[in-house]
Amino acid sequence: MNDMSVKIGGVNIPGRTALAPLAGITDRSFRMLCRQQGASFAVTEMVSAKGLAEGSERSNQYLDFEADEFPISAQLFGSEPEVMAEGARVVAERNPDIIDINCGCPVKKIVTKNAGAALLNTPDRLGQIIVGMVRAVDIPVTLKIRSGWAQADQAVTVARIAEDSGAAAIAVHGRTREAKFAGRADWDIIAEVKNAVSIPVIGNGDVRGPEAAKEMMQKTGCDLVMVGRWAIGNPWLFKRMEVFLNTGELLPEPTDRDRLEMAVHHLKASIAFKGLRYGVLEMRRHLAAYIKGVPGATPYRRTLMTEDDPNHLMDLLGQIKAGVAA
Ligand SMILES: Cc1cc2nc3c(=O)[nH]c(=O)nc-3n(C[C@H](O)[C@H](O)[C@H](O)COP(=O)(O)O)c2cc1C
């Protein structure tokens, strides 16, 4: 174990950076790319515990990780302790390293069912959920929370309950549910949680680059940094953060050619895992991110966002690449 590794329960995390769960984004192909580019672990898109407990094929499709992604964390959302425990049992059959509980999703459809960030408002129930899941499976159970519902005043209480209930780590996104994604992430609350518990704390929110990762770790004392939006179109970020945290060396940003080559590589992986239709469809947001700021790419954007034929997409990416500097 090098000194950059962290233990979550019995699981060795080989570095300090994690890919955050992002619904619609952190599917198998993107998680794999980020792991290959240095992320120490990745989290799946959130999966419905109820869906898994009821045997829904759609929910099961999110559990598409393989051993080459380990360590991997699978995230569940839900609100009923028994259903969450049953969902955890179903997930555990797929052998992930960690199961994470979503306590941060701000979306109405989720919080009106008392799940996601609404769990911050029912800490006793959350405690029961954690206890039930920890009993149901023999892998670490973790949480990902926001700082609070309306004010940043719930994270510390929730973190203490989580630790007492057997959670193995806690990720803190420094925004309230009401803030959704507005304003700047509040890193002070991450420091407060770190001071309140002895399980590993994972800091999250607005880590856009290697310097920010270091700054967050220094300011909050968090054990790991978790990055979501800033990794989209930018999986290299993980290696750049790991190297900077480890050695202080700032690796160069990827070139425009690197971006276009990664876009093609990612598109191929997406199709290989999801088939032509969904493999292409679900790449659109990634493609937009890969070409953002690439000189000469703007006229191609609309076609890239609507084209269904992967060969044509690859041709277009090749044409953009031909126009950028080597
Ligand atoms: C499109 C999108 C989907 C997300 N899906 C999830 C999710 O499924 N589970 C979760 O815990 N957080 C989810 N989040 C929140 C992120 O994991 C993360 O906490 C947030 O984006 C802040 O980190 P960042 O500044 O690094 O992006 C999502 C965020 C976005 C933008």
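Lys180 is found in the loop between strand S9 (169–176) and helix H8 (188–196), where helices (H or I, at least four residues) and strands (E, at least two) are DSSP runs numbered from the N terminus. Although Lys180 is not a glycine, its phi is positive, at about 50°. Most residues other than glycine have a negative phi, and most peptide bonds are trans.

This is a predicted model, in which local features need pLDDT of at least 70 and side-chain atom pairs count only at pLDDT 80 or more, while totals for chains, interfaces and linings use all residues. Residues are numbered from 1 along each chain as its sequence is written, and side-chain values use heavy atoms, with hydrogens and water left out.

The loop between H3 and S6 holds Pro71, and the peptide bond from Phe70 to Pro71 is cis, with omega near 0°. Glu69 forms a salt bridge (a side-chain nitrogen of Lys or Arg within 4 Å of a carboxyl oxygen of Asp or Glu) with Arg28, the closest N and O atoms being 2.8 Å apart. Because Glu69 lies in the loop between helix H3 (57–61) and strand S6 (72–77) and Arg28 in helix H1 (residues 28–36), the pair ties together parts that are 41 residues apart in sequence.

Around the ligand there are 18 residues, of which Pro21, Ala23, Gln75, Asn204 and Arg229 come nearest, a residue being near if one of its heavy atoms lies within 4 Å. The table lists polar contacts, that is, pairs of N or O atoms within 3.5 Å.

| Residue atom | Ligand atom | Distance |
|---|---|---|
| Ala23, backbone N or O | nitrogen | 2.8 Å |
| Gln75, side-chain N or O | nitrogen | 2.7 Å |
| Arg229, polar side-chain atom | oxygen | 2.7 Å |

Taken alone, the ligand exposes 610 Å², and the protein buries 90% of that, with accessible areas coming from the Shrake-Rupley method with a 1.4 Å probe.

Conventions
Polar contact = N/O pair within 3.5 Å; in protein donor to acceptor, adjacent residues only side chain to side chain.
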